[in-house]
Amino acid sequence: ASFTISLRMVDNITVTIKPRPGVSPSCKIRVKNAIRSELKIKSGENVTFTFTCNTPEKYFIMEIHKNIDCVSGPCPFGDVHLYPPGLPRLNRTFVWDVKASTKAGLELKFSTPWLRQVEPGETCPDFVSYNIKSCIDTAIVNIGTFCRNGSVSRVKLLGGVVMSLHLPWNSPLTTSGFNIANRSSIKRLCIIESTLKGESSITLMSPNYPLGFPEDELMTWQFVVPSNMRASVFFHNYSLSNCERKEERVEYYLPGSLSNPEVFKLSDSQPANIAGSFNLSLQGCDQDSQNPGILCLLFQVVVQHPQVDENVTHLVDLSKEYNMTVTIHFEGWPSRIPLMSEPICLICKHPRTCDRIVTLVSGAAYKISFLCKDLSRLRITAEKGISCADPQWCQRKIYSLSVPKAITQLPIRLHKFLWKLLAPDLINVEITSPSLKLQQHVPEQRCNTSYSYSIVSATPETELNVGVFCPGGSIEKIQMRNNITISLKTFGKGFLNESNHQDLKMTFVPHIKDECTFTVSPDPKAKVYLQTPSWPYGLPPYVSISWYVVLPSKQVARLGFSKDRMGIACETGRAYVNIKEETPGAEETVRREDEPLPEPRNMYHSFWVNVSNCKPVDKTQLTLQFRVTLSDKQIDLGVILAVVAGAGVLTAIGLTVCCVKKKKKKSQDPMVGVYNANVNTQMPGKQALFTKGRKNNESHVYAVIDDAMVYGHLLKESNGLVAPEVDVYRPFDGPVGGLPPSPPPFSFRKDIKRSSDTEEPLPLMDTDHDAYTFAQQKSGQAEDSGDTNEKNNGDASMSLLENKEQDGLVE
C-alpha cells in the first residue's frame, strides 16, 4: 500500500521514518523510483511512498516532531492533537517542543486516567509512555517517564517543555491525552500535582532520577487527598550531594500544622497519618565543584481510610531497661521488603510519626498506636545486651532472661528476643532454669512448647551452636566459656500465657575447663536424650563437652549411646569418650575414636560423660547422642542377710566370751555354751570337714545358739525390704529344729555378679547353701577324716570358735 503525507508550512512539523535500531535493513522505502532506507518529510512537503515489504513495523520507526513557540507568538492553549492523520502503522513517537519564557511557566494538564511515574527503562503495560523534559535556557532536565492509569493530573514547568508520547504500531490511541492549560510564574523547577482518590499507593521520583537533582534547585509535589482519608510518606531510596552552602532538605505544608513549613532531613522519618491535602518540596544546595555528589529521591505516598483503633495507644515503658532495643516490623523483615502495592501497616510513635518499621530504645517510654487492618502481619524483634565490666561484682548478680511485660502486653506476636551475653577473659557464663529446667530439642524428643531457646557460643575463631532448648526438661544449668547469644523464638499464640512462667537465669562464673558443661537431673518417669552441640553438622575440632548427670540416692541410671562408634577418623589428635561415676575409687571408662563405644550400662552414682574431639581427616564431624533412663534401685536381700549374719556372728562371739568369764567366776547363772554328748559333728552329704583329728576328744562339740533363728522373725516381718534391727540381743526361747539355718558368709556380696542388662543378682553358689549341723551321727555313716578349710564360703563363726578353743578360752 502507498502512503501520502502532506504537511502544511504553518504546522511546523517534521516527520522522519528511519530504520528500527538493531534490525537488519531487509526492507526499504520506495519514493517514486528511488529506494531509500530513511525518509524525512518537512513542513510544506507532500510525499507519497511505499514499503518493499508487507510488515514494515518490524523494520521502521517514525518520529513526528512539532515545534510550538509560546515566546514570540500566542501559545496554542487547549488539547494537543495527534497530527498529521493517515500515518503508516509503525512504532511512532510524537514530540512537542514548546518554547517558553522562564518568567512564565507552562502547565500541562492530563486527562483521565492521568499518569503514573515509573523508573527510567521501565516498560508500561500497554507500551504507551510519556516523557517530560524541562528546558531552561540550554539546560535540559528530565522530569520523568510516565505510564497511563495513575494519579499525576498536572505538571507545571519553568521555561520550555519537551513532551514526548510513544505509541506502539498497533495502538488504537487517537488523542494525545493532555493539553496546554495556561502560563503562570512558579519560581521553581516544576510542580507535580497528584490527585489521590480512595485507598491507593503511588511512587514518585525527583527529576533526573537517578542521575541527580539539579544544583540548588527547588521543586514541589502537590497531593490532593480527600479530607476523610489519611496519607503517609515513606522515603525508600535517596542519596545526598556534597554541599558547600545551604543544606538539602524536604519541606512540608501540612493541614492544621502551626509551624508550616515543617522541615525534615531526608534521613528522618517522614510525616504520616496526614488528614487531607498537603505539599512536599525538595530543596537542593550549592554543591562542591570538585566532588558534587548526587541528590536523588524515590518515595512512596500511601492513602488509606482512618483506622478504627488509630486513637488507641499502648504504653511501652522501657525507662527501667538497659542496653535494649525493640523493633516492630512487618512479617518477613529484614529478608523480605514488601511491595509498594501491598496493603500497609503503620506503627506510630506519635500521631504523625509513623512508619512500617519502628525501633524503640531503652531508657524511654512510648505511646504506640497502629494504623493497620490486620495486626497479625506485624512482629516484634528485641535485643538486649548484658556484659560484665567488674568481675567481682557481676559474679554475685543473677540476671533474669525473661521478656519484659512491656513487650508481651502489645497486641503483636513476639518473633524473636535476643540476649547477647559478653563475658571478659577468664569469666564464663552459666545459664540456669531453676523451676522449669530445659529440654534439648532432638529428633527423638522434640519440643512442643510455644517457644524455644537457641543458644550459640561464639569467639572470633569459631562458633559453637550449643543447641535448641525448651522448658520442661532435665537440664538444670549450662556453663559456657565464650560470649553467648540466646535467641528466644515463639511458635503460635500460646507464648502470651506461657511467658508469665519464664525462669531462665544467667550469671557470670569463674573459668571452666570445657567449652560447654551441662548439668542434668533426669526425670525418673521419662528418658532423657542428649546430643553434642552443632548437631547435625558435627562438633568443631578440638572441642570438649561434658555432661554431669545427677542421680537421686534411690535411683539407678541406664546409660546408652545411639550408635556403636564415633564414626570419624582423626588427622591430628585423638577423640575420646570418657565415662566416670562420682564415687571414691570409681574406674573411668575411656573409648577412642577407633574403638567401639561402651555398651549400655547401669550407673549407680552421679556420673560424668565427656566427649573430646580431634581434627577429623575429612568433612565428617563428630556427632554423638546418648540417653539416660532412671529406675528404682532393687533392695538386695543378700546384703541384708550379710548384715544380719555379721551381727549374729559378733553376738555369738560376745556371748561365748561372756560365758567363759562367768564360768571362771563360778557363777550360778546357766552357761550359753553347754556340753551335749548327743551332738553329731558331721554334716550330711559332706565328708572330711575336719583335718586336725579332733573328733575323738570331742573338744569341738557345742550346743550353739544360732543367731539367724533368733533374728529370723525380723526378716519375715520386714519382707526382706528393710534391714532388721541387729543391735539388741533377744534371748532365744523357741524350739530348735533338726536343721537350723546358718548365717550367710561375709563374702556373700562378692559372689553377686551383675549383668549389664539386668539388676537382679545371680543365684548363689552351691557352697552358699551349706549349713553346719550338730546332730548325733547315725550308725552306718562314714566318719570324718578331718576338717576341710573353705576360705571363700566357710562359716565365719565356726572358724572364730575354733580359734577361741585353741586359745583355751572355751572348755
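# Close-up views of a predicted model

F49 has a relative accessibility of 1%, so it counts as buried (buried is under 20% relative accessible area, exposed over 50%, partly exposed in between, with a 1.4 Å probe and protein chains only). This is a predicted model, in which local features need pLDDT of at least 70 and side-chain atom pairs count only at pLDDT 80 or more, while totals for chains, interfaces and linings use all residues. Residues are numbered from 1 along each chain as its sequence is written, and side-chain values use heavy atoms, with hydrogens and water left out.

**View 1. F49 and F51 form an aromatic pair.** Rings of Phe, Tyr and Trp (its six-membered ring) pair if their centres lie within 6.5 Å; planes under 30 degrees apart count as stacked, over 60 as edge-to-face and the rest as tilted. The count by this rule is 22 aromatic pairs. In the pair of F49 and F51, the ring centres are 5.7 Å apart and the planes stand at 90°, so the geometry is edge-to-face. F51 is buried, with a relative accessible area of 11%.

**View 2. F223 pairs with F299.** Their ring centres lie 6.4 Å apart and their planes are at 85°, so this pair is edge-to-face. F223 belongs to strand β19 (residues 218-224) and F299 to strand β27 (residues 293-304), so the pair ties together parts that are 76 residues apart in sequence. Helices (H or I, at least four residues) and strands (E, at least two) are DSSP runs, numbered from the N terminus. F223 and F299 are both buried.

**View 3. Five aromatic residues make a cluster.** Ring pairs link F94, W96, F110, Y130 and F178.

**View 4. Two charged side chains sit over rings.** A charge sits over a ring if NZ of Lys or CZ of Arg is within 6 Å of the ring centre and within 35 degrees of the ring normal. R356 lies over the face of F234, 5.8 Å from the ring centre. K397 places its charged end over the ring of Y399, at 5.2 Å from the centre.

**View 5. Four strands build an open sheet.** Strands of a sheet pair through backbone hydrogen bonds, either parallel or antiparallel. Here the order is β28-β33-β30-β31, with antiparallel pairing. The edge strands, β28 (314-317) and β31 (353-355), each pair on one side only. Two strands pair if DSSP finds at least two bridges between them. On average, neighbouring strands of this sheet are turned by 30° against each other, direction ignored. Axes are lines fitted to C-alpha atoms, for helices over the stretch in contact, and angles run from 0 to 180 degrees between N-to-C directions. Four bridges join β28 to strand β33 (residues 365-371) in the antiparallel sense. L315 has K367 of β33 as its bridge partner.

**View 6. A disulfide links C124 and C147.** Nine disulfides turn up in a search of the whole structure; each is a pair of cysteine sulfur atoms within 2.5 Å. The sulfur atoms of C124 and C147 are 1.8 Å apart. The torsion about their S-S bond is about -85°, so the disulfide is left-handed. C124 lies in the loop between β11 (115-118) and β12 (129-136), and C147 in strand β13 (residues 139-148), so the pair ties together parts that are 23 residues apart in sequence. C124 is buried at 5% relative accessibility. C147 is buried at 1%.

**View 7. C447 is joined to C470 by a disulfide.** The S to S distance is 2.1 Å. With -90° about the S-S bond, the link of C447 and C470 is left-handed. C447 is in the loop between β38 (438-440) and β39 (451-458), and C470 is in strand β40 (residues 463-471), so the pair ties together parts that are 23 residues apart in sequence. C447 and C470 are both buried.

View 8. C570 and C614 are both buried.

View 9. P84 is in the loop between β8 (78-81) and β9 (91-99). P210 sits in the loop between β18 (200-205) and β19.
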